[in-house]
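Here is a brisk report on the fold. Please look over the sequence and the model before reading on.

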Amino acid sequence: MFAEGPVRSGRAGANSSTEMTERSVMPRPSTYPVFERPSGWNALLPPRAPKTTAALEAVYEYVVIGAGYTGLAVARRLAELNSSATILLLEATEIGEGTSGRNSGFVLTAPLTAAAKDAEPTEKATRQLEIFDAGFEWLSRTVRDASIRCDWNEAGKYHAAATDEGVSNIRALARQYQVCGLRCDEIPQAEFARRIGSSYYKYAFHTGHNVFVQPAALVRGLADSLPANVTLLEQAPVLSVSGRGPFTVELSSRQVRAHKMVIANNGFAKRLGFLRNRIFNIYTYAGMTPELDDDELAGHGTDTEWGILPAARAGTTLRRTSGRRFLVRSLQSYEADRSGRQVDGTLEEIYRQRYPGLRSHRFEYVWGGALGLTMNAETCFGEIADNLYVSAGCNGVGIMKGTVYGKLLAEQIMGLDSNDVRDVRRMNAPTWIPPDPVLRWGVTMAMNKRTRQAGAER
């Protein structure tokens with residue numbers, strides 16, 4: 001609920017006004033994500049012709065910056081609620097190649113974490129589950145109605161631990177699920193090793209509240225099924241935003257104006273001058289194998305598709321996909337993608353530790369993706385100045401949180417008053433963070449510490 005200060009429905013304060021007007025119109029590639037390598041998920045799909053040309057109007061009722069899960073949900077819901085509205089959705093990259101097509105493909109509908117061993121779920125956590133359930137119904141209906149082929153599989157997920165500390169964390173998480181009335185089933189160690197083909201983990205449980213998807217296929221399908229009154233423009237990075245409504249949006253070749261603006265580019269909002277002391281980016285890295293033959297698949301257990309979320313923040317996520325491939329996700333870097341042998345080698349070593357008997361641990365694709373984080377894991381949500389709205393900071397739950405918060409933000413913009421909108425506005429309040437270089441130093445120190453503490457969870 002914050003820009004440089006609290007979100008409010010009245011006029012912006014002096015800081016917001018200064019921030020809104022002091023924007024450079026010079027090309028600044030850093031205003032949008034630049035990835036070193038293509039997304040493996042997107043590379044598996046047929047080539048897609050990005051929407052790079054459109055007959056743009058001079059003025060739109062709504063301009064949405066960012067066509068990830070949040071921006072797509074905002075645009076879709078605005079169009080559902082007002083079929084005559086003119087809506088422009090701007091994406092800096094190509095749909096499927098951006099951050100939304102680079103995650104591990106978990107649609108998490110129960111955003112509980114094992115951050116505190118003895119923490120009991122609060123009323124807030126219970127309310128978040130209800131909000132996520134409603135958002136999931138909307139997303140699943142959209143996927144079904146639009147016939148989006150994204151390998152949708154409601155198989156649930158595993159949480160697993162390889163260390164004593166991790167076991168303690170995972171057991172605490174299981175208790176949170178149970179107190180919230182959510183089913184979770186403890187898996188005996190030998191049985192879990194049979195299911196995943198590895199005896200690496202000491203303890204695990206299985207729960208629903210997750211859907212596996214091919215994330216690039218999902219985000220492509222959502223973009224290609226937008227209502228007719230949404231104009232999508234890809235490879236159209238926004239260089240600056242100025243004004244107080246109508247707003248002027250500077251693109252590389254022209255300007256457009258908007259009566260209402262929505263900032264939905266997650267951690268890159270601060271690159272345009274918004275939320276500069278509320279949000280930052282962490283890059284994580286994934287490696288995906290070639291298609292595995294029958295013998296190699298047999299070495300990955302009896303479950304035909306599964307995924308593991310780790311017991312530590314710096315831990316490793318694993319996923320066996322429906323497409324006969326295996327994914328390893330780990331490593332972190334601050335505010336910039338990195339590539340090279342160190343990333344590849346570390347991911348391969350993590351894979352080898354869990355599956356030492358395989359003939360090969362090489363990956364066909366290795367890529368990075370950005371997470372928009374806030375210091376206290378709350379989302380920036382609401383109106384930050386007159387007719388200027390934001391939803392950013394998904395904190396690693398991007399598919400589901402981006403979708404449901406984007407939907408609710410559109411409803412707020414349209415003046416719909418609901419318990420869900422009110423509760424999201426009330427519950428989310430990101431704390432202040434210092435600017436660089438202090439932030440860089442602090443985040444780097446924290447990442448290094450968490451990596452050491454994670455131990456074998458990484």
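How many helices and strands are there in the protein chain? The chain has 12 helices and 18 strands. The model is a predicted one.

## Overall dimensions

The C-alpha trace spans about 60 × 45 × 45 Å along its principal axes. The radius of gyration is 21 Å. A compact globule of 458 residues would have a value near 23 Å, so the chain agrees with that expectation.

## Burial and contacts

Of the 458 residues, 59% are buried. The protein chain exposes about 18600 Å². Carbon and sulfur atoms supply 49% of that area.

Among contacts with a separation of 6 or more, 78% join residues 24 or more positions apart.

## The eight-stranded sheet

Eight strands form an open sheet with mixed pairing. The strand order is β5-β6-β4-β13-β14-β15-β12-β16. At the edges are β5 (184-187) and β16 (365-373), and each of these pairs on one side only. From one strand to the next, the twist averages 25°.

Strands of a sheet pair through backbone hydrogen bonds, in either a parallel or an antiparallel sense. Here, β14 (residues 317-320) and β15 (residues 326-334) are antiparallel and share four bridges.

Which strands does helix α9 lie across? Helix α9 covers residues 341-354 and lies across β12 (280-288), β14, β15 and β16. It runs at about 135° to β15. One of these strands, β16, is also an edge strand of the sheet.

Notes:
Residues are numbered from 1 along each chain as its sequence is written. This is a predicted model: local features need pLDDT of at least 70, side-chain atom pairs count only at pLDDT 80 or more; totals for chains, interfaces and linings use all residues. Side-chain values use heavy atoms; hydrogens and water are left out. Two strands pair if DSSP finds at least two bridges between them. Helices (H or I, at least four residues) and strands (E, at least two) are DSSP runs, numbered from the N terminus. Axes are lines fitted to C-alpha atoms, for helices over the stretch in contact, and angles run from 0 to 180 degrees between N-to-C directions. Contact means heavy atoms within 4.5 Å. The radius of gyration is taken over C-alpha atoms; the globule rule is 2.2 Å times the number of residues to the power 0.38. Buried means under 20% relative accessible area, exposed over 50%, partly exposed in between (1.4 Å probe, protein chains only). Accessible areas come from the Shrake-Rupley method with a 1.4 Å probe; for residues, only the protein chains shown count as cover.
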